[in-house]
Structures are given as C-alpha cells and as structure tokens.
Amino acid sequence: MKYLDEFSNPELALRLIDQIKAVATRRWSIMEVCGGQTHSIIRHGIDQLLPDTIEMIHGPGCPVCVTPLEVIDKALEIASRPEVIFCSFGDMLRVPGSEKDLFRVKSEGGDVRVVYSPLDALTIARANPDRQVVFFGIGFETTAPANAMTVYQAKRLGIENFSLLVSHVLVPPAISAIMESPTCRVQAFLAAGHVCAVMGTDEYPPLCDKYGIPIVVTGFEPLDILEGIRRTVVQLESGRHELENAYPRAVQDVGNPAAKAMLLDVFDVTDRAWRGIGVIPSSGWRLSHAYREYDAEQRFAVGDIHTEESTVCRSGEVLQGLIKPHECSAFGTLCTPRNPLGATMVSSEGACAAYYLYRRLEVTHA
Ligand code: SF4
C-alpha cells in the first residue's frame, strides 16, 4: 500500500475482522499501549467490530495524561515568574494543575507561548538574552530525542538562558508495572509503533518471556491496528508469547541509532511518578550530569513542590485499564473537555476525551 487512506480501506478491514473472528475461540484482553491507538480504535469503532471475546483495554501511553499533577504545578510556578518565557506544545496548556492551568497563567500576564518544536524555544532564547526561556519537555521515547537535541544544542551554542522542565517516561517499565499489578487483566500488548521507531524492539522480548505475553509492535491506522490485533490473537490462541513487528514500514529492530545516542548522552534513567499511578522505578529520564545546568526544576528551585492527586478523578484507573472512562462518576457531568478534571479528558490522546468525542456517553459507574 502506498497512501495513508489505503490503511483505512473498509473491505480490507472487514477481511481482517473476519480473520480475527475465525481464529478467536476464547476471551482475550489486549492492551493498546498508546493513546493515539486508543483514539484510532474508538474513532473507527474497531472495538465494536471485534468479536465479543476480544476486549481492548486502553493503556497509559498518553504523554499529557501521565504527567504528574506535581509537575504541572511546577510548570505553573515557573511560568508565573516575570523573567520567564514559558514554551510548551499546545496540548499542555489546558491540563489542570491543582488550582489553574497554563492558559490561566497566560491570562494573568504570564509569558506562555505555544511552540511546534523545542528548537523554537531555543530560537526564542537567543532572541531574548535578558529573559529565561523554559521548554516543557514531557512525553515518552518519541518526544525525548528532539528535547535532548535542543539541550545539546543549547550547550554547544553556549545559550545559558534556556532550560528544560523534564518529565519524560518510558514504555517498558510501565508494561512491567501493569503486569505486576495484582488486578492486572492484560494478556497481551500492542506496543506503540512510534516509540519502537526510536528505541527499536530489543527491550520487549525479555518482557514477553518474563510475563508470558505476546507483544506486537503496531501502527496507528485502522488496518495497522487490526493486523496487530490479529497477530496477537493468533499468538494467544497458539500459546506463544513472542515479540512481533507488525509495523515494519516504520520500525526497524535497531530503532534510530542517532536518536538513541543523543538520548544516552543527554539523559539518565530515573524513577518517575506517573499521574494517577504513582512512582514506577526506572521509568523515566532526567538530564544527565553533563547537562544538569539546563534543568529548570533546579534552576527555579521548584523541587519542593509536592501535590496530592485529585480524589474525584479516576484517571489512574483509566490509564491502567482497570476501568473504562464512562465508568467514572464524573464522566460527562462534572468532567467534560470544556471543564476537565483530569488530563485524560484534555489530551488529544486521552481515553476519556476519546470516549467523550466519539459519543460513548452512556454512564455505567463502577
Ligand atoms: S472522566 Fe474526568 S474525572 Fe473521570 S477519570 Fe476521566 S478525566 Fe478523570
């Protein structure tokens, strides 16, 4: 296939669904890791076309959603300072902190700017040498290389008024945490294709062996997802638990060596808190010793900000696949995209937003 819309071909989709129906003889629960995959599944009604025996569980792979409240509060504190130009991708501006969001800071006079690349923030820093420019560096292995490159360039060019507020998280430790949860129902994973395009696939076979789970690297278009599900179900039915790459047009086993080398230089692995889930050991990155001077958390001394998560929002359970969004009592009532209580209702990759946008509004509170 040559063009993107061919990956949405309804005849081919129905053929794949028939193949899945033909092979599935038992109930299976499969988690799609990435929020982009969740949106594709809900938007195209893929979960409704699958046989009743296949349940899709929505995973934690939404970068905005898993950024802890505490980090949002640190961003709000830094962005409120008069000497700061705070740069971020647009999807972080409406994520609620404990009292407000970045839009509110902007309306109160904070210099908050939406950029389309962290390198834009570096350009702003060069143009404003008497201001401090901070980029909000969140997300998974997908967004981290560009952030690493920006810090590398800042150091190389001697730009001292730039810093990065880092909250990067990693997929493989999250898979381990989900599998080790006593309430885990997941029997297989669709791994996130774009993460593997950067990192390669080496980290996954040990997880397949340790937890006895198939992991299929999967893309984001409807046919990509259906093919990922088909391969997963074939493995489950035959008792296999292997890594398969169903997204070879984007993913090579070695990943992107140049990006990995940059990540290794600029970041160290560290424990990270995930919003609504808690601390997962060795599940994130922080700036390495050589680049620590570019750490906004240290530069603005906001390390002491600690915030409790909301007791109303059940996004932690949503992110672990323990409940579906419409099972939260606030879904569609107290919590809507216009008045979100949690990041999973704000983000373009959030499961709550997907259920709201595509009208799965029936409330079945757990
Ligand atoms: S519906 Fe709103 S309150 Fe409920 S889990 Fe989702 S984001 Fe949180």
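Domain bounds here come from an automatic or database domain assignment. That assignment gives the protein domain 1 (4-63 + 171-245), domain 2 (65-169 + 258-299) and domain 3 (315-357). Keep in mind that this is a predicted model, in which local features need pLDDT of at least 70, side-chain atom pairs count only at pLDDT 80 or more, and totals for chains, interfaces and linings use all residues. Residues are numbered from 1 along each chain as its sequence is written.

**Where domain 1 meets domain 3**

- Taken over C-alpha atoms, the centres of domain 1 and domain 3 are separated by 21 Å.
- Contact (C-beta atoms, placed from the backbone, within 7 Å) links 15 residues of domain 1 with twelve residues of domain 3.
- On the domain 1 side, α2 (35-43) and β2 (54-61) are the elements that give two or more residues; helices (H or I, at least four residues) and strands (E, at least two) are DSSP runs, numbered from the N terminus.
- The largest share of that side, five residues, is down to α2.
- By type, the domain 1 side splits into seven nonpolar, eight polar and no charged residues. For the counting, Ala, Val, Leu, Ile, Met, Phe, Trp, Tyr, Cys and Pro are nonpolar, Asp, Glu, Lys and Arg are charged, and the others, Gly among them, are polar.

- Strand β5 (residues 132-139) is mostly covered, with eight of its eight residues buried; buried means 20 or more other C-beta atoms within 10 Å of the residue's own, with C-beta atoms placed from the backbone.
- In a regular strand the side chains alternate between the two faces of the sheet.
- Here, Gln-132, Val-134, Phe-136 and Ile-138 point one way from β5, while Val-133, Phe-135, Gly-137 and Gly-139 point the other way.
- β5 pairs (at least two DSSP bridges between the strands) with strand β3 (residues 84-88) in the parallel sense, over four bridges. Phe-86 has Val-134 of β5 as its bridge partner.
- Strand β6 (residues 162-169) also runs parallel to β5, joined by seven bridges, and Gly-137 stands opposite Val-166 in β6.

**Around the ligand**

- The ligand is surrounded by 15 residues, each with its C-beta atom, placed from the backbone, within 6 Å.
- Cys-313, Cys-328, Cys-335, Gly-342 and Cys-352 are the closest.
- At least two residues of this shell come from each of α15 (315-319) and α16 (343-346).
- The shell holds eleven nonpolar residues, three polar and one charged.

Note on methods:
A residue is buried if 20 or more other C-beta atoms lie within 10 Å of its own, exposed if 12 or fewer, and partly exposed in between; C-beta atoms are placed from the backbone. Two residues are in contact if their C-beta atoms, placed from the backbone, lie within 7 Å.
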